[in-house]
Amino acid sequence: MKICILSRNPALYSTSKLVEACKQRGHDVEVIDPLLCYMVIASHHPTIHYKGRELTDFDAVIPRIGASITFYGTAVVRQFEMMGVFCINESVAISRSRDKLRSLQLLARKGIGLPVTGFAHSTKFTGDLISQVGGAPLVVKLLEGTQGVGVVLAETQNAAESVIEAFRGLKQNILVQEFVKEANSCDIRCFVVGERVVAAMMRKGRAGDFRSNLHRGGSVLTVKLTPEERSTAVRAAKIMGLNVAGVDILRSNHGPVVMEVNSSPGLEG
């Protein structure tokens, strides 16, 4: 097949590994920067152009759309869909998974285990919001955060109120979550492809940091998943409509809870 990987940087670990895997299997592969694509939107002959040429002969698209370019990146994926090209993750599923609040609401509706989560626009009833998620310590998040940026652990009621007020000062809505202490600064990244988990890793935060992201200096351990963790990861990806996903799970006292479902999961580790 001829495969297009939509990625801004061919040198990124995950992008280069996907290129390597495609070539090992005898496919032609090209990395294309979605921000350099431009589109002609027409009923009968929708097209995508890149550096002066029309992209006409791809069999499949692997979108690696970063959070900062979600709007334009998903528009490019949608244009490929209009042209009848197979995309491993559809544009609507990418957009759905990028919206943390929408994701949590969809997962909750289908009975997936989640940390108790609160969401608010106003700081007028901050005290009640904090008590609704079990009180301090709790985690305060930005909806658009990625790689652990915009995630703060507030260890006391006063600290929680201060962080929430600071986020509102930045004109951000407020998402607060219970702190799952028993996870011990570890989470599990499950790589879901289709109907199964094909790989998993446990990520542990560096000393003094509850966030386990590799980009924040976390380390990686091998892990054996329980059947419940496997089924939770597969169900979560399916609810999001993603054929390929990274599902981040915490081990809580009441079973696995899903933190996030990623449409372009990093492969490093």
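This is a predicted model: local features need pLDDT of at least 70, side-chain atom pairs count only at pLDDT 80 or more; totals for chains, interfaces and linings use all residues.
I take helix axes as lines fitted to C-alpha atoms over the stretch in contact, with angles from 0 to 180 degrees between N-to-C directions. Helices (H or I, at least four residues) and strands (E, at least two) are DSSP runs, numbered from the N terminus.

Residues are numbered from 1 along each chain as its sequence is written, and side-chain values use heavy atoms, with hydrogens and water left out.

**Helix pair**

I looked up α3 (residues 91-98) and α4 (residues 100-109): they pack at an angle of about 95°, and their axes are 5 Å apart. That makes α3 roughly perpendicular to α4 (65 to 115 degrees; under 35 is roughly parallel, over 145 roughly antiparallel, the rest oblique). From α3, R96, S97 and R98 meet K100, R102, S103 and L106 of α4, contact meaning heavy atoms within 4.5 Å. I sorted the residues of this contact into 1 nonpolar, 2 polar and 4 charged. Here Ala, Val, Leu, Ile, Met, Phe, Trp, Tyr, Cys and Pro count as nonpolar, Asp, Glu, Lys and Arg as charged, and the others, Gly among them, as polar.

**Salt bridges**

I found 9 salt bridges in the structure, each a side-chain nitrogen of Lys or Arg within 4 Å of a carboxyl oxygen of Asp or Glu. For burial I use under 20% relative accessible area as buried, over 50% as exposed and partly exposed in between (1.4 Å probe, protein chains only).

E20 pairs with K17, with 3.8 Å between the closest N and O atoms. Both lie in α1 (residues 13-24), 3 residues apart, about one turn of the helix. E20 is partly exposed at 39%, and K17 is partly exposed at 34%.

E30 and R53 meet in a salt bridge at 2.3 Å, N to O. This pair links distant parts of the chain, E30 in β2 (residues 28-32) and R53 in β5 (residues 53-54), 23 residues apart. E30 is partly exposed at 21%, and R53 is partly exposed at 33%.

R203 bridges to D187, the closest N and O atoms being 2.9 Å apart. R203 is in β13 and D187 in β12 (residues 186-193), 16 residues apart. Both R203 and D187 are buried. I traced shared partners and got one network of D187, R189, R203 and D248.

**G218**

I placed G218 in the loop between β13 (196-204) and β14 (219-221). G218 is buried, at 17% relative accessible area. From G218 to S185 I noted 33 residues in sequence and 9.6 Å in space, C-alpha to C-alpha.
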